[in-house]
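Here's a quick tour of a protein model, with an eye on its charged side chains. Have a look at the structure first, then read on.

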Amino acid sequence: LADAPVAQGSPSIDGAELEKLDAKSPGTLKANQLLELAEWQVQRKRETAREFQSKLAANSALGKEKSTQTELFRLAADGDTTREALAAITHLPAPLNADLLYEVWTGTAAKNDATELARALVYSPDVKPQASPALAVALELRLAENCEQFKVALPKALKDGDRRALHLLTKLTNKRGCGPKKTEDCFVCLRDQGDELTATINAVKSRRPPSYPTP
């Protein structure tokens with residue numbers, strides 16, 4: 001019974017013994033030791049992430065450093081430390097906080113807990129208003145569901161949008177995809193202002209978004 005798997009929670013083996021186990025080959029450890037060791041390793045990662053979070057809270061200017069952003073993205077991608085990383089990002093000064101959350105959300109094609117939470121946070125009522133005008137355009141375009149909503153967003157994109165909005169606008173040039181046979185134009189309300197759509201696409205294409213390390 002002593003070697004039966006243990007439930008997740010605080011390790012029952014003391015830290016000194018766990019450090020010794022950590023140095024051993026996994027093939028030499030019993031099941032309960034492996035489970036306790038795994039839980040301990042997760043706790044250590046979270047403690048390190050919380051320390052990093054506290055460090056940023058005490059000196060938010062560190063958030064502008066590429067090395068800090070790289071570490072935040074690394075922690076966000078690790079399911080064990082996602083929450084701590086995104087909490088740290090959320091409390092950085094605006095508009096950096098919204099920009100970094102957007103990067104976590106859109107920086108990978110794969111959907112996971114980190115990208116879904118980052119999306120929810122960037123649209124939250126206390127973060128979204130802090131977004132830069134350029135990011136606000138991308139956020140509005142991502143929520144748009146019909147032609148009229150895209151039409152309302154076009155002037156804002158023309159004025160403030162950057163390359164983060166480019167692919168969202170380019171799809172509006174497609175004249176197929178609606179109707180029973182998917183051959184009808186989904187964005188017919190924009191066709192009488194084709195020059196505006198072209199001008200908007202060219203405008204956002206010319207504006208570089210903030211540069212961050214790859215998540």
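Which side chain does D99 meet in a salt bridge? The partner is R164, at 2.8 Å from N to O. A salt bridge here is a side-chain nitrogen of Lys or Arg within 4 Å of a carboxyl oxygen of Asp or Glu. Keep in mind that this is a predicted model, where local features need pLDDT of at least 70 and side-chain atom pairs count only at pLDDT 80 or more, while totals for chains, interfaces and linings use all residues. Residues are numbered from 1 along each chain as its sequence is written, and side-chain values use heavy atoms, with hydrogens and water left out.

**The D99–R164 pair**
- Helices are DSSP runs (H or I, at least four residues), numbered from the N terminus.
- D99 and R164 are both buried, and buried means under 20% relative accessible area, with exposed over 50% and partly exposed in between (1.4 Å probe, protein chains only).

**Other salt bridges**
- The structure has nine salt bridges in total.
- R74 pairs up with E71, and their closest N and O atoms are 2.7 Å apart.
- Helix α3 (residues 66–77) holds both R74 and E71, which are three residues apart, or about one turn of the helix.
- R74 is partly exposed, because its relative accessibility is 45%, and E71 is partly exposed too, at 24%.
- K159 makes a salt bridge with D160, with 3.4 Å between the closest N and O atoms.
- K159 counts as exposed because its relative accessible area is 61%, whereas D160, at 25%, is partly exposed.
- K45, D78 and D80 join up in a network of salt bridges.

**A positive patch**
- K111, R119, R142 and K171 gather on the surface in a patch of positive charge.
- Patch members have over 30% relative accessible area and no salt bridge, and like charges are joined within 9 Å.
- R142 belongs to helix α7 (residues 133–143).

**One spot in α8**
- P155 lies in helix α8 and is partly exposed, with a relative accessible area of 43%.
- Its C-alpha atom is 9.7 Å from that of V137, which is 18 residues away along the chain.

Definitions and conventions
Patches are made of residues with over 30% relative accessible area and no salt bridge: like charges are joined within 9 Å, nonpolar side chains (Val, Leu, Ile, Met, Phe, Trp, Tyr) within 5 Å. Accessible areas come from the Shrake-Rupley method with a 1.4 Å probe; for residues, only the protein chains shown count as cover. Lys and Arg count as positive and Asp and Glu as negative; His and the chain ends are not counted. The place of a charge is taken as NZ of Lys, CZ of Arg, CG of Asp or CD of Glu. Helices (H or I, at least four residues) and strands (E, at least two) are DSSP runs, numbered from the N terminus.
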